[in-house]
Amino acid sequence: MKRSRPYRLTPSGHNSYKVVVTPGDFIYPCTVTTGEQIREEIEGLPGIYRYSVDTSSEEIKACLSLGINRIMLFGGADHPGNLFLADVIRIIQQQHPEVILYTDVCLPAGGEEQLPDLVELAYQYALAGASFVSPSSTLEGQVEAICDRMAAAGLPTQVLAYPAQYDSSFCGLWQGNTAGTDSATVDYCSRSQGLSEIESDMHAGANWIMVKPAMEYLDIIVRARRLFPEIQLVGFQVAGEYAMLKAAARLGYLNEQQSFYESLTAIRRSGTDYIITYYAKEFVMRWQQVQAAVTHSDTSYFLKQNSYEYSTT
């Protein structure tokens, strides 16, 4: 009979089974806006800021210093479809050519007649230097149309698609409401619609696939990994998920460091290749502190066995 208890009690046992999350697994979401000298905290997201182009450079430097070189740019709910993001991309690529930029591509709510405008927006972001364009609009045929435009222009820019984007209240916070996303997203009660959408976008030419939100849809990530082992899979720990952990920790209901370590490890363990999370910087900073504080090779085991507290500032 196999005895599992020794594996649960010893660091060497943990090492046999553990999934390790590293700085290279993260894509850090960064929201930019027009103007100058802007660094304003986003309501409901403690420690997360909205930047103008000039101040965003310091944020990107901070990410690079932590080993995070993948950044996802958002224009914010006030600037959907605004070409100013193309200028942001150019400036960032000039200042930090080592950064891999993912750029959200969206338009104000409208009909299918917007598809040419969405494709043009993605094209302009690609010309500016985005490594990935990520269409979060829900227009029919958007992935295929964008992929065709990139191929016709001979651009190397890849497409990170949002096929498994669920109608979730956890996504509403970033949009300035708590009602969820829109009716064109995937019904959260559905077992298979998201997987069907993933398959469709893969056939349309998507290079990478996102599941959003991640924490509530680990079952979808697991199934997507099994069904489509060849695709790069990204889980998005969205604003509402981040805010939930922050609020619970602030009220003393959760140990924050253990909670976000556990949540991000679960997303990675479920089968993602990368995680988009507002916790990326904080995770890496604390991970580095733990690495410096102990010689123990299994930091997750150490965190479980010790109340290791330190400042986030």
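This is a predicted model: local features need pLDDT of at least 70, side-chain atom pairs count only at pLDDT 80 or more; totals for chains, interfaces and linings use all residues.
Good morning, colleagues. I begin with helix H5, which is largely enclosed by the rest of the structure, because ten of its 14 residues are buried.

The buried residues of H5 are Leu115, Leu118, Val119, Leu121, Ala122, Tyr123, Gln124, Tyr125, Ala126 and Ala128. The helix reaches 20 Å from its first C-alpha to its last, close to the 20 Å expected at 1.5 Å a residue.

Asp117 is found in H5, which covers residues 115-128. Is Asp117 buried, partly exposed or exposed? With a relative accessibility of 49%, Asp117 counts as partly exposed, because the exposed class requires over 50%. Asp117 also takes part in a negative surface patch, together with Glu112, Glu113, Glu140 and Glu197.

Let me now turn to two loops, and to the backbone. In the loop between strand E1 (26-32) and strand E2 (39-41) we find Gln37. What is the phi of Gln37? Its value is positive, at about 55 degrees, although Gln37 is not a glycine. Gln37 is also exposed, with a relative accessible area of 63%.

Which kind of peptide bond joins Lys212 and Pro213? The bond is cis, and its omega is about -10 degrees.

Thank you for your attention.

Definitions and conventions:
Residues are numbered from 1 along each chain as its sequence is written. Side-chain values use heavy atoms; hydrogens and water are left out. Helices (H or I, at least four residues) and strands (E, at least two) are DSSP runs, numbered from the N terminus. Buried means under 20% relative accessible area, exposed over 50%, partly exposed in between (1.4 Å probe, protein chains only). Patches are made of residues with over 30% relative accessible area and no salt bridge: like charges are joined within 9 Å, nonpolar side chains (Val, Leu, Ile, Met, Phe, Trp, Tyr) within 5 Å. Accessible areas come from the Shrake-Rupley method with a 1.4 Å probe; for residues, only the protein chains shown count as cover. A salt bridge is a side-chain nitrogen of Lys or Arg within 4 Å of a carboxyl oxygen of Asp or Glu. Lys and Arg count as positive and Asp and Glu as negative; His and the chain ends are not counted. The place of a charge is taken as NZ of Lys, CZ of Arg, CG of Asp or CD of Glu. The expected span of a helix is 1.5 Å times one less than its number of residues.
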